[in-house]
Amino acid sequence: MDFRSIYTKRQLRSIAAFTINEFIVGSAIAGMIILGVVNVTIFAARSFEGLNNYIQLDTESRKALDLFTRDVRMSEGLSSFSTSKIVLSYTNSTTLTYEWDQQNEQLISYTLSETNTLLDGCDYLEFMIFQRNPIPGSYDQIPTANNISECKLVQVEWRTYRTLLGSKAHTENVQSAKVVIRNK
């Protein structure tokens, strides 16, 4: 029996396996493609997480601002004021307090019977009060009130955050609103 090859040298080369050089180049190209896909995936995941974080913080800020605006507009005036706490008074001798708990980083509203946490992760908050009558021809149209009896307008500013991948992620620089006391 004769065991001669039925293939020619040319045919053997065409059916031979990869050389080591071809294997290394192919692996390097595949590795770069996989690395690119992984980078795009990580970037997209961070972007979606950041967007989700922004939407949640913005929603919480808007809800807190809506409640604050409603309560200030319906009040008769202020009973007490500091840059981190205001006490609103109403016609039926009730009061509502908005206070920034700096250590727990929360904005809290409370009455004698109920306490609500409006914002968590609030690392900056400031209340300001302004007078009723604007000053014509001035840059600051509404002057700052010197005491609570002069107060017609309440301004609040805050900044909230969440931890996103190990660092603080803020909504915007500062959320701010000026609210007029209607019943005064």
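The dialogue below takes these features in turn.

Modeller: This is a predicted model, in which local features need pLDDT of at least 70 and side-chain atom pairs count only at pLDDT 80 or more, whereas totals for chains, interfaces and linings use all residues. Residues are numbered from 1 along each chain as its sequence is written, and side-chain values use heavy atoms, with hydrogens and water left out.

Colleague: In what order do the strands form the open sheet?

Modeller: In general, the strands of a sheet pair through backbone hydrogen bonds, in either a parallel or an antiparallel sense. Here 5 strands form an open sheet in the order β1-β2-β3-β4-β5, with antiparallel pairing; strands are DSSP runs of E with at least two residues, helices are runs of H or I with at least four, both numbered from the N terminus, and two strands pair if DSSP finds at least two bridges between them. Because β1 (77-82) and β5 (115-120) stand at the edges with a single partner strand each, one side of each is left without a neighbour in the sheet. The twist averages 15° from one strand to the next. Between β1 and β2 (residues 85-89) the antiparallel pairing runs over 5 bridges, and Gly-77 stands opposite Ser-89 in β2.

Colleague: Which strands does helix α2 lie across?

Modeller: Helix α2 (residues 20-74) lies across β2, β3 (95-101) and β5, at about 135° to β5, where axes are lines fitted to C-alpha atoms, for helices over the stretch in contact, and angles run from 0 to 180 degrees between N-to-C directions; contact means heavy atoms within 4.5 Å.

Colleague: Which element gives the most to the lining of the largest pocket?

Modeller: Helix α2 gives the most, with 3 residues, while α2, β3, β4 (106-110) and β5 each supply at least two. A pocket is an open set of points on a 1 Å grid over the protein atoms alone, where a 1.4 Å probe fits, with protein on both sides within 12 Å along at least five of seven lines, and lining residues have an atom within 4 Å of a point. Among the lining residues are Leu-67, Arg-70, Tyr-98 and Asn-116.

Colleague: Where is Ser-93 placed?

Modeller: Most residues other than glycine have a negative phi. Ser-93, in the loop between β2 and β3, has a positive phi of about 65° although it is not a glycine. Glu-105, in the loop between β3 and β4, also has a positive phi, of about 55°.
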